[in-house]
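Subject: Structure handover

Hello,

Here is the structure I said I would pass on. My notes on it follow below.

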Amino acid sequence: MTSSRPLDLITMGRTIVDIYGDQVGARLEDVSSFSRYVGGCPANIAIGTARLGLNVGLITRVGDDHNGRFLRESLAREGVDTRHVVADPARLTAVAFLGIRDKDTFPLLHYRENCADMAIEPSDYTEDYIGSARALLVSGSHLTTESAAANIGAAIARARARGTRVIFDIDYRPVFWGLVARDGGESRYVGSDAVTRASQRYMADCDLIVGTEEEIHIAGGDIDTIEALRAIRRLTSAAIVLKRGAEGCVVFPGSIPDRIDEGIVGPGFPVEVFNVVGAGDGFLSGFLSGWLRDQPWEACCRRGNATGALVVSRHGCSPASPTAAELEWFLSEGLRDRALHRSEYLAYLHRTTTRRPRRSPALVMAADHVAPFEALPQAPGRSIPALKRLIADVALRLAPSHPYLGVLFDDIEGEEALLRVGAEIGWVGRKLEHTGPAPLRLQGDLPAAVQLAHWPRHQIVKCLVPVEDEHSWTLQAERLRDLYAAVSLYSMELLLELVHEDTAEDAARVVARIEAIQSLGVKPDWWKLPAFSDPAAWDPIEAAIHRDNPMCRGVLLLGGGRGREDLAAAMAAVRGRPLIQGFAIGRTLFMVPASAWLAGKIDDVQFESRLAADYEAWAQVWQGVVAGSACA
């Protein structure tokens with residue numbers, strides 16, 4: 001596929017917040033906790049196609065509110081062009097509450113009265129922008145009002161003028177047309193001549209029309225599928241894609257045959273279903289990832305059906321969308337197992353290929369220590385929490401000019417520092433372990449899943465793994481598995497720290513410990529390891545990590561309280577190793593100014609000035625000795 005257009009696809013329309021019930025098997029009335037996701041057909045397809053490697057933009061409106069900012073930021077993290085996601089100051093972002101009662105019942109409650117996305121107008125985008133894409137996708141949910149329908153007509157006219165192909169996702173929801181009670185959001189078909197006329201309004205200008213059997217029935221005005229298809233064909237020469245759920249799909253690029261299976265049939269993939277809501281958006285994302293690359297119909301069907309199969313095995317709509325790596329794995333190796341939701345490798349692949357983007361390297365102020373500070377003399381009015389607040393202030397001041405800066409705090413003495421930092425810094429780590437000998441203990445001796453339920457999802461979970469022996473290993477291994485399961489459940493990132501001396505013997509122990517931990521199925525996103533000064537120590541370490549954890553983000557070097565020259569020389573040993581992604585140093589960085597501040601020998605301004613200068617000096621060490629101009 002070659003194209004001079006910067007975008008493969010622009011989607012337009014419904015962009016909402018999906019509030020999914022966490023308790024499966026409960027009525028929506030009984031659900032007690034929820035997860036928030038990006039929702040709405042065009043938004044889901046924008047994310048789904050972006051994850052499959054297409055360049056995608058979205059035209060919509062969101063409220064100038066917290067939910068609207070959540071949508072914009074989430075879409076941007078997925079790589080979607082959000083320049084035409086307009087914040088509407090007069091309207092709120094639409095919201096939908098969803099539950100999973102059983103495999104056939106999905107209660108769905110929409111809040112869309114005068115919502116922001118229904119107010120899109122032609123002034124929100126230009127003909128040049130529409131023309132920058134190979135295709136424009138519009139959906140039937142925006143045919144429900146005259147103003148929204150007129151906007152679709154204007155967008156289609158601009159697309160035709162610029163040679164941009166038009167995709168019509170019928171996207172029929174009876175509740176949007178007032179044909180069912182307001183709590184009837186899961187209803188998928190009620191006959192209506194008015195809806196049929198509206199659905200047919202722009203069909204003549206479309207190149208691809210996609211719908212389920214119920215949607216084809218409403219668009220064609222007939223409950224006989226073949227007759228409905230023929231009615232659509234009389235109006236348009238567009239290829240028609242019939243979605244058939246578990247049975248797959250059928251494409252009708254030309255005349256409509258006498259039987260459905262005389263079209264181009266794409267058989268479905270038999271998988272265990274967890275949640276069918278969003279399956280159609282997943283299917284269309286996969287289908288378009290072939291169609292927009294000019295692949296044969298059969299290949300488009302295969303990619304669409306495979307993507308839909310992956311989506312129905314997961315919770316949510318947009319977050320369930322697979323990446324290109326997942327799709328290729330499924331098509332080559334994943335067909336042997338119907339229970340996709342139990343595949344550990346697929347879960348690992350999904351988690352690691354949908355992580356939020358982060359800058360590289362990560363040059364981290366590690367201020368999660370407690371005991372080293374407690375041993376220092378404290379003058380009246382000086383405290384460890386106040387010290388960590390000052391460290392947070394320095395980090396916030398440096399962050400705009402140091403985009404690779406990160407911070408690491410505990411949530412006891414460093415709780416206020418964490419609150420002060422919030423999400424203003426791109427790399428925020430938080431200590432979870434209780435410092436002490438093996439077996440591993442967590443703060444408060446509470447299970448990880450209980451604690452992480454209350455943590456912001458952008459925070460990186462840091463856990464120092466104490467050196468185990470044959471007596472403590474079994475319990476420590478169980479706790480590590482529980483920790484990894486909790487981190488995965490909440491789509492968070494995990495950093496495991498191993499503390500050892502800079503010796504050949506300890507380097508070998510680190511290799512053995514990494515292999516033992518990863519063999520448990522515990523595959524951290526980050527390792528924090530000693531800065532071994534022998535370059536030969538790193539080959540087996542890198543090999544051990546890559547063997548079971550090829551998607552690991554990298555290794556951060558810990559300082560261990562070493563002197564500047566010693567640590568700088570050790571950093572030089574990792575030159576040219578892409579797996580080494582930065583440092584996380586604490587005592588080496590700020591123990592001297594911290595001691596002086598706690599003792600009352602320097603004031604806040606002097607401490608902040610010294611810490612800022614020391615951090616910048618270490619950033620220069622990394623830039624000059626290890627990464628060349630990578631931090632410039």
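The buried residues of H6 are Glu215, Ile216, His217, Ile218, Ala219 and Gly220, where buried means under 20% relative accessible area with a 1.4 Å probe and protein chains only. This is a predicted model, in which local features need pLDDT of at least 70 and side-chain atom pairs count only at pLDDT 80 or more, while totals for chains, interfaces and linings use all residues. Residues are numbered from 1 along each chain as its sequence is written, and side-chain values use heavy atoms, with hydrogens and water left out.

Helices (H or I, at least four residues) and strands (E, at least two) are DSSP runs, numbered from the N terminus. Because six of its eight residues are buried, H6 is largely enclosed by the rest of the structure. Its buried residues are covered by, among others, helix H5 (193-199), strand E10 (208-212), helix H7 (225-235) and strand E11 (239-243); contact here means heavy atoms within 4.5 Å. Just after H6, Gly221 has a positive phi of about 70 degrees.

H6 also supplies at least two residues of the lining of the second largest pocket. On a 1 Å grid over the protein atoms alone, a pocket is an open set of points with protein on both sides within 12 Å along at least five of seven lines, a cavity is a set where a 1.4 Å probe fits but cannot get out, and lining residues have an atom within 4 Å of a point. The second largest pocket holds about 1,200 Å³ of space. It is lined by 48 residues, and Thr212, Val276, Val277, Ala279 and Gly280 are the closest to its centre. H9 gives the most to this lining, with five residues.

Two cavities of 30 Å³ or more turn up in a search of the whole structure. The largest cavity has about 40 Å³ of space, and its lining includes Val138, Phe168 and Cys206. Helix H4 (146-162) and H5 each supply at least two residues of that lining. The second largest cavity has about 30 Å³, with Asp171 and Trp177 among its lining residues.

Strands E18 (residues 493-497) and E19 (residues 526-530) pair over three bridges. Trp526 in E19 is the bridge partner of Leu495.

Regards

How values were computed. Grid points are joined across faces, edges and corners, and a volume is the space filled by probe spheres set on the points. Buried means under 20% relative accessible area, exposed over 50%, partly exposed in between (1.4 Å probe, protein chains only). Two strands pair if DSSP finds at least two bridges between them.
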